[in-house]
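My entries follow in the order in which I took them.

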Amino acid sequence: MYVRKINNKWQCQVRVGHTRKSKLFLSKKSASRWGVDILKKIHQGNNLEKIDTPLKDVIKVYIKQFTKHKKSAVRETLMWDRLIRDYPKLVNLKLSEIKPQHILDFKTKKSKDGKRITNYYLCLLNNLFKKCINVWLYPLPINPVSNIEHFKIAKGRYRPIERYEYKLLLNHQCKFFVLAILILRNTGIRLSELHNLKRNDIDTLRNNIIVRVSKTNKLRAIPVNPWLIKKIESTKSAGLVIPFSYNAMVLKFKRVLKKFDNPTLQIHDFRRHYTSKLVESKMNLFDVASRTGHQSISMIQHYYGFGLR
């Protein structure tokens with residue numbers, strides 16, 4: 001335990017093994033007193049009773065203290081509720097009774113719903129046990145989830161866009177939806193980048209589309225055909241090239257696919273299609289990365305290595 005002064009306040013930090021806890025106080029005396037009390041609680045084993053709490057009760061406390069402050073609070077809460085509902089044998093176990101074998105059994109059963117969702121649940125459980133050990137100071141011997149190996153997800157999905165699918169999308173009545181499809185297919189930009197694309201980002205002299213707001217926060221220029229520039233200029237929209245919100249574009253795309261009974265096509269497939277065509281044309285990978293906005297060449301080799309053979 002040690003006490004130090006930070007910005008006219010006193011911080012006491014207690015560290016026992018891998019557990020650490022700190023708190024700020026107005027006086028050094030209060031900080032020292034709190035630290036001594038925490039050490040007493042740890043050494044006297046006041047948290048021994050808490051490790052006999054069922055997992056489902058700990059999950060409810062975790063949701064109130066941590067989950068509700070996250071951006072993904074709604075989704076994560078639903079996932080915890082499903083875990084409590086679908087796996088009563090696991091959640092009714094006491095914390096002290098949960099062993100790595102129980103988590104392995106859960107992983108095996110949950111894998112029927114998909115590898116990605118199983119990995120997500122393993123991350124949630126791992127975070128929960130970390131909070132139990134490091135924040136709530138439960139005297140658990142180990143984190144039963146930390147050494148469980150996650151499923152290895154397959155490499156990037158290559159789903160070429162067929163001509164008939166492209167024609168069906170272009171036959172839509174909304175001119176801005178058609179323009180969005182044209183830009184996505186001929187530039188390979190992400191949907192979030194298309195959403196933030198402004199008319200000032202269209203370089204009519206050099207026939208480039210400039211992406212300023214991107215996932216990697218790097219500006220890049222994508223050369224396009226002159227006819228696409230003319231198509232963009234012909235639409236009368238002030239400010240944004242596509243005057244729709246992000247969610248509106250996603251919903252519109254899903255409705256069109258549902259109408260044509262084509263559930264396998266995704267918006268991101270336009271980016272995959274564009275990038276794979278560049279790779280298959282034997283373009284320099286540095287030039288491919290400068291157009292697509294990938295952070296490194298290794299990412300292109302990982303996801304689009306089939307085009308290099």
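**Cavities**

I began with the second largest cavity, which is lined by E165, L168, L169, L257, F260, N262 and L265. The model is a predicted one. I noted about 40 Å³ of space in this second largest cavity. Helix α7, residues 163–170, gives the largest share of its lining, with 3 residues. I sorted the lining of the second largest cavity by class and got 5 nonpolar, 1 polar and 1 charged residues.

I then asked how many cavities of 30 Å³ or more the structure holds. The count is 2. For the largest cavity I wrote down a volume of about 100 Å³. It is lined by 13 residues, and F177, A180, L184, L191 and M249 are the closest to its centre. Which of the elements gives the largest share of the lining of the largest cavity? I found that α8 does, with 5 residues. By class, I recorded 12 nonpolar residues and 1 charged residue in the lining of the largest cavity, and no polar ones.

**Nonpolar cores**

Next I looked up the nonpolar cores. The largest has 43 residues. Within this core, the residues with the most contacts are L169, I183, L194, I209, I232, V241 and F253. I checked which element contributes the most to it, and that is α8, with 9 residues.

I took I209 as a case to follow. Its neighbours within four places in sequence were left aside. The residues then in contact with I209 are T187, L197, D201, I202, R220, A221, I222, V224, L228, I229 and I232.

**Aromatic pairs**

I searched the whole structure for aromatic pairs and got 9. I wrote up two of the pairs in detail.

Y87 and F106 form an edge-to-face pair, with 5.0 Å centre to centre and 80° between the planes. Y87 sits in the loop between α3 (73–86) and α4 (88–91), while F106 is in helix α5, residues 100–110. The two are 19 residues apart, and the pair links distant parts of the chain.

F253 belongs to helix α11 and F270 to helix α12, residues 269–280. They are 17 residues apart, and this pair links distant parts of the chain as well. F253 counts as buried because its relative accessibility is 4%. F270 counts as buried because its relative accessibility is 1%.

I also noted a cluster in which ring pairs link Y62, F66, W80, W136 and Y138.

**Single residues**

Q11 is in strand β2, residues 9–16. Its relative accessibility is 12%, so Q11 counts as buried. Not counting residues up to four places away in sequence, I found that Q11 touches Y2, V3, R4, I6, S22, K23 and L24.

N225 lies in the loop between β6 (220–223) and α10 (226–234). At a relative accessible area of 41%, N225 is partly exposed. I took the distance from N225 to R116, which is 109 residues apart from it along the chain, and the C-alpha atoms are separated by 38 Å.

Last, I looked up two positive phi values. N217 is a residue other than glycine, and its phi is near 60°. N217 is in the loop between β5 (208–211) and β6. N217 is exposed, with a relative accessible area of 68%. K282 is not a glycine either, and its phi is positive at about 65°. I placed K282 in the loop between α12 and α13 (285–292). K282 is exposed, with a relative accessible area of 57%.

Definitions and conventions:
Residues numbered from 1 in each chain as written. Predicted model: local features only at pLDDT ≥ 70, side-chain atom pairs only at ≥ 80, totals over all residues. Heavy atoms only, no water. 1 Å grid on protein atoms, 1.4 Å probe; cavity = no way out; pocket = protein on both sides within 12 Å on 5 of 7 lines; lining within 4 Å. Points joined across faces, edges and corners; volume = space filled by probe spheres on them. Helix = DSSP H or I, 4+ residues; strand = E, 2+ residues; numbered from the N terminus. Nonpolar A, V, L, I, M, F, W, Y, C, P; charged D, E, K, R; others polar. Core = buried A, V, L, I, M, F, W, Y, C linked by side-chain atoms within 4.5 Å. Buried < 20%, exposed > 50% of the residue type's maximum accessible area, 1.4 Å probe, protein only. Contact = heavy atoms within 4.5 Å. Phe/Tyr/Trp six-rings, centres within 6.5 Å; stacked < 30°, edge-to-face > 60°.
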